[in-house]
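I opened a new entry for this protein.

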Amino acid sequence: MSQHHACTDPSHHVHDGDAFVHEVERACEARGLRLTPIRAHALRLIADAGRPVKAYELLDQMKATHDAAAPPTVYRALDFLLEHGFIHKLASINAFVGCHHPGSAQHAVPFLICDRCQSATELEDERIVETLDRRARELGFTPQAQTLEVHGVCAACATADAA
């Protein structure tokens, strides 16, 4: 089994809002979870954004169609989606992105975040995750969660700069 996935290209993943929500609905049904309309709407907005989205951006977008959209409601929806591995939180920029494999088990994934265009690429390389876990344990540290966010400039922005 290859440890490096060929799917680091964001276009390879489920990003269409409807397809993404459908995939999460199937995962919720299989796990006995309830995807409420508010949760589904937040999920669709995150998928449709195509970039990391901040909670208050979601709130503003949701207010247009849900009168009940308030900060606690949005944060509860985000907490549910995070808890079940349907989205990832990028702590360094305080934003959320859809998980490229919402039907799979929760997983630790490094992200490449462009400081110019704010794109985030889910870098699926189990070797990175395993190396961090192993080194932590070698130092007597018991890891409970991993979030690795690498900031820099994406290829598209670098190409635009060179032109």
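Entry 1: I began with L112 and looked up its bridge partner in β4, which is T121. I am working from a predicted model. I then checked the two strands as a pair. β3 covers residues 111–114 and β4 covers residues 120–122. They run antiparallel and share three bridges.

**Entry 2: the turn.** How many residues lie between the strands of the β3 and β4 hairpin? I found five. Q118 has a positive phi, near 65°.

**Entry 3: the other partner of β3.** I followed β3 to β5, residues 149–152. Is this pairing parallel or antiparallel? It is parallel, with four bridges.

**Entry 4: the whole chain.** I listed the secondary structure next. The protein has six helices and five strands. I read their order along the sequence as α-α-α-α-β-β-β-β-α-β-α.

**Entry 5: contacts and burial.** I took contacts between residues at least 6 apart in sequence; 57% of these join residues at least 24 apart. Which share of the 163 residues is buried? I have it as 39%.

Methods
Residues are numbered from 1 along each chain as its sequence is written. This is a predicted model: local features need pLDDT of at least 70, side-chain atom pairs count only at pLDDT 80 or more; totals for chains, interfaces and linings use all residues. Side-chain values use heavy atoms; hydrogens and water are left out. Buried means under 20% relative accessible area, exposed over 50%, partly exposed in between (1.4 Å probe, protein chains only). Contact means heavy atoms within 4.5 Å. Two strands pair if DSSP finds at least two bridges between them.
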